[in-house]
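Please read them alongside the coordinates.

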Amino acid sequence: MTKEEQSEAKAPVHRSGFVAVVGRPNVGKSTLMNALVGRPIAIASSRPETTRKAIRGIMTRPEAQVVLVDTPGIHRPRTLLGQRLNDVVEASLSDVDAIAFLLPADQAIGPGDRRILSRLRSDFAHKDKDGKWIWRKPLIAVVTKIDQLSKSQLVDKLLQIGAFADFSQIVPVSALEADNVDEVAKVLMDVMPEGPQLYPDDQLTEERPEDMIAELVRGAYLEELNDELPHSLAVRVESIDPDPEGGRDTVHIGIYVERDSQKPIVIGRGAEHLVRVKKKLRTAVNRTMGRKVRLDLHVKVARNWQTDPKQLERLGF
């Protein structure tokens with residue numbers, strides 16, 4: 001064997017690919033992805049159906065690069081928006097190398113989980129002659145929120161999940177407590193195909209700055225208003241105006257609700273909610289834009305936008 005051949009034989013294998021992160025609403029998809037990437041990329045909230053787009057987070061390690069596609073939770077749609085969110089999931093699943101199916105440790109396996117499993121089987125599996133499901137792509141069960149269970153309860157839960165489907169692997173994790181996140185990363189990297197690095201080391205997402213800012217604003221409102229927040233709230237960056245004198249650019253942001261009665265809820269008494277959201281996001285938005293900017297927030301009414309195709313299109317769905 002020549003020196004060149006010996007060198008090639010010793011060279012570590014680099015892996016790269018895409019992982020779809022799926023699960024029913026509110027199982028911790030965004031929290032896990034943020035933990036793996038190392039910075040908030042997707043909104044993490046206790047409210048269901050928080051994620052509305054397929055957000056790609058890029059996890060880079062010396063030996064591998066994994067692109068995590070954080071999908072909206074698969075659910076039974078009640079509006080045109082809900083149907084479009086399911087369509088986003090369909091598109092996200094079409095070209096991935098592996099699937100991370102998130103199942104919360106603190107909740108029983110339910111109809112939503114079974115519906116997702118059925119859908120994944122129809123796309124990525126077939127039965128062999130003995131009736132066993134054979135997966136064409138690795139299906140990893142990621143058991144989230146393990147901090148909610150005792151050790152004995154967790155063992156029982158893992159056995160239940162093992163009986164639920166023929167998973168390639170089962171990995172428990174608490175992303176919130178940073179417990180076993182490195183093991184999840186290792187499992188996902190190991191199932192990626194051999195391939196070159198796809199993105200620069202410092203790139204953490206494919207999202208445009210405008211989209212990230214809109215999500216930051218929506219996430220801040222999820223925390224600010226909690227149960228008061230109209231579920232029909234949407235956010236869009238309307239424009240970015242440079243300062244002609246070289247000062248701070250102005251980011252104009254539209255916050256959309258469906259009814260006039262919802263505007264005062266979002267604005268707050270004396271515009272208190274607008275003021276607090278702007279103050280809270282100042283550093284995060286400046287970091288996203290790579291420079292200091294000024295936020296200009298306006299609350300607007302887009303009647304019945306969740307069921308209006310034209311309105312949905314305008315708001316980016």
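Contact here means heavy atoms within 4.5 Å. This is a predicted model, in which local features need pLDDT of at least 70 and side-chain atom pairs count only at pLDDT 80 or more, while totals for chains, interfaces and linings use all residues. Residues are numbered from 1 along each chain as its sequence is written, and side-chain values use heavy atoms, with hydrogens and water left out.

1. His298. This residue sits in strand S11, residues 293-301 (helices, H or I with at least four residues, and strands, E with at least two, are DSSP runs numbered from the N terminus). Not counting residues up to four places away in sequence, His298 touches Ile253, Gly254 and Ile255. The His298 side chain also makes a polar contact with the side chain of Asp296 at 3.1 Å (a pair of N or O atoms within 3.5 Å; within protein, one must be able to donate a hydrogen and the other to accept it, and residues adjacent in sequence count only if both atoms are side-chain atoms). His298 is partly exposed, at 41% relative accessibility (buried is under 20% relative accessible area, exposed over 50%, partly exposed in between, with a 1.4 Å probe and protein chains only).

2. Salt bridges. The structure holds 10 of them, each being a side-chain nitrogen of Lys or Arg within 4 Å of a carboxyl oxygen of Asp or Glu. One network of salt bridges links Glu224, Glu272 and Arg276.

3. Asp113 and Arg24. Their side chains form a salt bridge at 2.9 Å, N to O. Asp113 belongs to helix H4 and Arg24 to the loop between strand S1 (15-22) and helix H2 (29-37), so the pair ties together parts 89 residues apart in sequence. Asp113 is buried at 0% relative accessible area, and Arg24 is buried at 14%.

4. Asp249 and Arg291. In this salt bridge the closest N and O atoms are 2.9 Å apart. Asp249 is in strand S10 (residues 249-257) and Arg291 in the loop between helix H9 (272-289) and S11, 42 residues apart. Asp249 is buried, with 11% relative accessible area, whereas Arg291 is partly exposed at 38%.

5. Arg121. Which side chain of opposite charge is nearest to this buried residue? Asp166 is, at 5.1 Å, and Arg121 has no salt bridge (Lys and Arg count as positive, Asp and Glu as negative; His and the chain ends are not counted). Arg121 lies in helix H4, residues 111-124. Leaving aside neighbours within four places in sequence, Arg121 is in contact with Trp133, Trp135, Phe164 and Ala165.
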